[in-house]
There are 2 protein chains.
Amino acid sequence: MDGGKSEKLSSEDYKAGYRLACLATVKGNLTIRLSDEVRLGTGGITTIVPERHRAAKHIYDIDSLKKEGIFEPPVKKYFLDLPRPCAEDNMADSGRVIQGLKDLYNIRGMSIGLTVLRKMRRALRDDDFKVTVTLVRPVNEKARTLVVNIQPGDWTERSYGLAMDIGTTTVNGRLVDLRTGEILAEKGDYNKQLSYGEDVISRVIYAEKPKGLELMQELVVTTINGIIDKLLLSAGVDRDEITSITIAGNTVMTHLLLALEPHSIRRAPYVPVSTFFPSIRATDIKLNLYDHTVALLYPSISSYVGGDIVAGVMGSGMYRTSTLTLYIDVGTNAEIVIGNREWLVCAACSAGPAFEGGGITFGMRAAKGAIEDFGLNPVTFEPMNVTIGKKPPLGICGSGLLIIVATLFEHGLIDQRGKFNRNLDTPRIRKGVSGYEYVLAWKDEADSDRDIIINEVDIDNFMRAKAAIYAGCKTLVEEVGLQVSDLEQIILAGAFGSFIDLDSAMTVGLLPEVDPDRVMYVGNGSLMGCRVSGLSNHIRQNVVDVVRKMTSFELSEVTGFHDQYVGALFLPHTEASLFPRVNKRLSHLHKRSDQDDN
Amino acid sequence: MDGGKSEKLSSEDYKAGYRLACLATVKGNLTIRLSDEVRLGTGGITTIVPERHRAAKHIYDIDSLKKEGIFEPPVKKYFLDLPRPCAEDNMADSGRVIQGLKDLYNIRGMSIGLTVLRKMRRALRDDDFKVTVTLVRPVNEKARTLVVNIQPGDWTERSYGLAMDIGTTTVNGRLVDLRTGEILAEKGDYNKQLSYGEDVISRVIYAEKPKGLELMQELVVTTINGIIDKLLLSAGVDRDEITSITIAGNTVMTHLLLALEPHSIRRAPYVPVSTFFPSIRATDIKLNLYDHTVALLYPSISSYVGGDIVAGVMGSGMYRTSTLTLYIDVGTNAEIVIGNREWLVCAACSAGPAFEGGGITFGMRAAKGAIEDFGLNPVTFEPMNVTIGKKPPLGICGSGLLIIVATLFEHGLIDQRGKFNRNLDTPRIRKGVSGYEYVLAWKDEADSDRDIIINEVDIDNFMRAKAAIYAGCKTLVEEVGLQVSDLEQIILAGAFGSFIDLDSAMTVGLLPEVDPDRVMYVGNGSLMGCRVSGLSNHIRQNVVDVVRKMTSFELSEVTGFHDQYVGALFLPHTEASLFPRVNKRLSHLHKRSDQDDN
């Protein structure tokens, strides 16, 4: 047991083995001996944060691409040592390059654009007909391969790609070595569009104003350019060595990046300009990269299931397993995909921003002072708040909210409908300005001018969010004739997924019940997808199949969805049979609780 | 007999039937009665310009394209009346357009660029999902069709194309209605590059200077833009209604237009940057057209056989006949193509600019005052000059030069080697500053300060030019195992071809002997080719086959070419058997001439 040092603990006490449990990190099995004071006040039962079931991290096995023979970036450099022209062989420079690609690499069906033709004579002759050409392989096998750059000499050892996830809130990028697949740098920043609205709808509304679309594009491009600068600096890579940038974002973000009018996305029947996007030159959208850098954009599924989700499906590999998988990305919005290599269905859930702290009285992002874990003394109902950075509590972040609600429910402080038990003997439960509430930290504990609380409105918002996700899953699964209980694997994407306590998530009915060992998190799934499709044209080609295969549901239009949603507005669910393990555990807890009462 | 009026002829004489033969046009059979004065001075033999055998004009039969079902422009507008989106059908705008093209026109395999996507939402909704899209069909059937424009409403009735021939000296354009194939306007201008050199080599040399290539591009683009302005004004067509511009030029002109470095073209082994050129947006080369206008460029064969010749082969239709054809384009340079639908060979002939007036003491372009036809009194050897615009003679244009040399030869004033007969009794033959010469017009006849003459150096230059062309033909034909006498048809391109006297051309051995009825001229063959491939994607696809089929010879590298050339440096040729009809006619003439002498 590490840590647990504090000004509140004398060094004498520390030497004697005393620790502040709220500041200590459990690293293995341990025996806790409580101080007499604690034991005295609580009848031997104390407030302790239980061990949490975090999801295991899914790491993409780049080596498997090599083993499968599909480690072949869509944009790749090839070195050519060409025969010099002579009277018997005076074909044009471009013909010579095309012939060389055929002879040396068996690559056929080329197109060479004007920009490359303009550099070609000099490039061929600067290093005696030894050149490096950069090719963009087509998505469609029948289409033509494009020559996008020619350089004198051999530059194949310096070939880098960027992966870029354009989130509504944050933009994240990685710099990848296209020869090895290695991630050389990773950087992120807030999307500069944030000052024009927190969600996609407000961005669309802004883009509809005169010059609004141009501004939205400029802001996100500036954000990306800043991240590119940091990535290049951090990895020591020259800008002209970037051969490709693979970009994914939700449908609105992609529209704004490309300056496509997003107007119809926010109005029924919710029509984007396009779901497939052409490969373009990075400079076409003013990215601060060279003319020869190709920008590849992930296609979307619909107005509300975007390229970031498609990228996540690719990055998680769920599209090529037989395991029936649920993929959830909880960000500013929540999207779910269910299926396997045979079929895929998807939907956006109007979960609202509760998991990002939105709509919660003391909700906040996962920053210092945010309660991220929580324990409860089952006798005194006194809380144990674990905050990020071990600071006095300031508010509640998404993972904390989930644990707080689950813990309050497990200990009977709230009922299945999320309403407080008003009969418990604790000053922590009280009537506040917005109905009943539980005081997580008194203002002096919080070093604040007011108490940190969670109230029934907050819990209600949380329940709406989790109900939307669960009902979305259940609706989608049943639309293909299966049951939620058939789900074999859950993949969590987004920052939320890496911190989520799986027991709590199942206790409240946010996630369907599966063996916690079959839950994985991918972190930024969109970024992972960008990286792998930037490394493998085969995977990039698979994207098209995946998009064609994926059936998108507009949940509000599906008969029965509303009933599913109402059914999920309980903890964990109105149908107890959907959560057998939770119910078993809770009955045990409640039994013990009953015993304690006696 | 029309015309022949002049201030020099009183109206009384005119009524009596007198005509000035030099101003009269022969329209049918006629009997000439000479005035007594003429008969008296010449022993009954006078100076008369014989009837000329001009080539018949080859006119491309656009209707045949329609009959064959290949009247299908590579860039074409399609009208779509699309279903409106609804909850059951909310596919993206781009998907809706692609689906419409499939449903209504059975067109598949589309790509839509960013520019069109940016206009799409508004275009679809401005006229209730009735739109006109402009498609570029691929050359390669397997490649993708590109959507380059979308407009609200039905604009299919306004679709125009430009055909543009970029000559070293002049640039010529036509505006064509893409629905009917009709030529609505035709305009030309001198290539503004002219002030930087008259031939392609001096342009290349200039382009090698710093900023030289940019300037050369700017000059030709300015020239084209000026012609486009005139064409639009003349036809009353709006600039945005131009859907395509098809361009052909020699290899250097095409390189300069596209700003491709022409440096290696002028140095052995004469390598252009490219012989195939990508379809581009007209705005990519700064043409003053819209973003949606596509520029299609004719491919070249080699450094010295350019896209203008390929276009001529397409426009003349020689690539699809079984008739063994000789195609000659005499411009600033001379290029020849021989073959039929089975095979094609080609070469550039270093003919020099004699036919454009270059290297001839009194050579000039076909402008007012240029001697364009010529007769000779076989007794007095007095000339009859016919000038353009009936002005006093200023010099000799190409067609005049040919006739003068042929006439001098026919009447024995020069021998087979082009040397003057110094024994004739005429003051017109004399020793000048550059050897012997014939006075075409005394300075007072010419209204000039000096006599207009043709000398042995001029004749020598002429003979080199005609020998280069003839030897080129003979070499090419023999390379494929045939004889010049096997040629069944001659197609003449360029301004020269339309004025050339076929008898003279065969007399001097410029053209192989064929039935004059089997000689046609196409005028600007390059422009004709641009028009037809701009009207038929099928023909545009054939261009690729033609280019692949066409074998290019660098004549100077072909063994035996020099001997052929030396053999052709005679009038008509050292091998009399190659010109049986000429020799028969000449022996008759010489016989009569002998009789006269007796």
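Which are the buried residues of α9(A)? They are G307(A), D308(A), I309(A), V310(A), A311(A), G312(A), V313(A), M314(A), G315(A) and S316(A). The model described here is predicted.

## A buried helix

Helix α9 of chain A covers residues 307–316. Of its 10 residues, 10 are buried, so the helix is largely enclosed by the rest of the structure.

## How the two chains are related

## The interface

Chain B gives 40 residues to the contact, and chain A gives 40 residues. Of the interface residues of chain B, 100% are also interface residues in chain A, so the copies meet through the same surface. Between them, chain B and chain A bury about 3200 Å², and 56% of this area is on carbon and sulfur atoms.

Four salt bridges are found across the interface of chain B and chain A. Elsewhere in the list of charged pairs, the side chains of E261(A) and R121(B) meet in a salt bridge, with an N to O distance of 2.9 Å.

## The nonpolar core

The largest nonpolar core has 100 residues. Those with the most contacts inside this core are V133(A), M164(B), I224(B) and I245(B). Helix α7 of chain B, residues 212–235, supplies the largest share of the core, 10 residues.

Leaving aside residues up to four places away in sequence, V133(A) touches K76(A), K77(A), Y78(A), L80(A), V97(A), L101(A), V147(A), N149(A) and I150(A).

## Cysteines without disulfides

Over all chains, the structure holds zero disulfides. C473(A) is buried, with a relative accessible area of 0%.

For C86(B), the closest cysteine sulfur belongs to C346(A) in the other chain. The two sulfur atoms are 19 Å apart, which is too far for a bond. C86(B) is partly exposed, with a relative accessible area of 31%.

Note on methods:
Residues are numbered from 1 along each chain as its sequence is written. Chains are lettered from A and ligands numbered from 1 in the order in which they are written. This is a predicted model: local features need pLDDT of at least 70, side-chain atom pairs count only at pLDDT 80 or more; totals for chains, interfaces and linings use all residues. Side-chain values use heavy atoms; hydrogens and water are left out. Buried means under 20% relative accessible area, exposed over 50%, partly exposed in between (1.4 Å probe, protein chains only). Helices (H or I, at least four residues) and strands (E, at least two) are DSSP runs, numbered from the N terminus. Contact means heavy atoms within 4.5 Å. A disulfide is a pair of cysteine sulfur atoms within 2.5 Å. A nonpolar core is a set of buried Ala, Val, Leu, Ile, Met, Phe, Trp, Tyr and Cys residues joined through side-chain atoms within 4.5 Å. Buried area is the accessible area (1.4 Å probe) that two parts lose on being put together, summed over both.
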